[in-house]
Amino acid sequence: MARHGHTRSRPSLEEGEDEEAEDPLDAMIRRTGCLGPHRELQECMAERQDWRHCQPQVRAFGECMARRQRPGEP
């Protein structure tokens with residue numbers, strides 16, 4: 001199975017640095033509690049190659065992130 005992540009350029013690894021270190025964006029999304037919807041969106045995008053075909057996943061991820069940004073909610 002393909003590794004999930006973002007296609008951003010990464011600086012070369014320093015000696016002893018873990019090649020499989022978690023993507024910083026994935027780590028940030030994990031802390032929001034929205035990693036599941038994010039991964040579902042990524043999988044849809046990889047399969048369909050067009051975000052317009054992934055609207056349920058786009059909405060689910062957006063709603064999850066919006067809930068995390070509302071004041072007073074965990």
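Biologist: Where in the chain does Cys-54 lie?
Modeller: This is a predicted model, in which local features need pLDDT of at least 70, side-chain atom pairs count only at pLDDT 80 or more, and totals for chains, interfaces and linings use all residues. Residues are numbered from 1 along each chain as its sequence is written, and side-chain values use heavy atoms, with hydrogens and water left out. Helices are DSSP runs of H or I with at least four residues, strands are DSSP runs of E with at least two, and the numbering starts at the N terminus. On that basis, Cys-54 is found in the loop between α2 and α3.

Biologist: Does Cys-54 count as buried or exposed?
Modeller: A residue is buried under 20% relative accessible area, exposed over 50% and partly exposed in between, with a 1.4 Å probe and protein chains only. Because its relative accessibility is 0%, Cys-54 counts as buried.

Biologist: With which residues is Cys-54 in contact, leaving aside its neighbours within four places in sequence?
Modeller: Contact here means heavy atoms within 4.5 Å. Apart from those sequence neighbours, the partners of Cys-54 are Leu-41, Cys-44, Met-45 and Arg-48.

Biologist: How is α2 oriented to α3?
Modeller: Axes are lines fitted to C-alpha atoms, for helices over the stretch in contact, and angles run from 0 to 180 degrees between N-to-C directions. Angles under 35 degrees count as roughly parallel, over 145 as roughly antiparallel, 65 to 115 as roughly perpendicular and the rest as oblique. Helix α2 (residues 35-48) packs with helix α3 (residues 55-69) at an angle of about 155°, the axes being 9 Å apart. That angle is why α2 is, to α3, roughly antiparallel.

Biologist: How many nonpolar, polar and charged residues make up the contact of α2 with α3?
Modeller: Ala, Val, Leu, Ile, Met, Phe, Trp, Tyr, Cys and Pro count as nonpolar, Asp, Glu, Lys and Arg as charged, and the others, Gly among them, as polar. From α2, Pro-37, His-38, Glu-40, Leu-41 and Cys-44 meet Gln-57, Val-58, Ala-60, Phe-61 and Cys-64 of α3. By class, this contact of α2 with α3 has seven nonpolar, two polar and one charged.

Biologist: How do α1 and α2 lie to each other?
Modeller: Helix α1 (residues 24-32) has an axis that comes within 8 Å of that of α2, and the two cross at roughly 135°. The pair α1 and α2 is therefore oblique.
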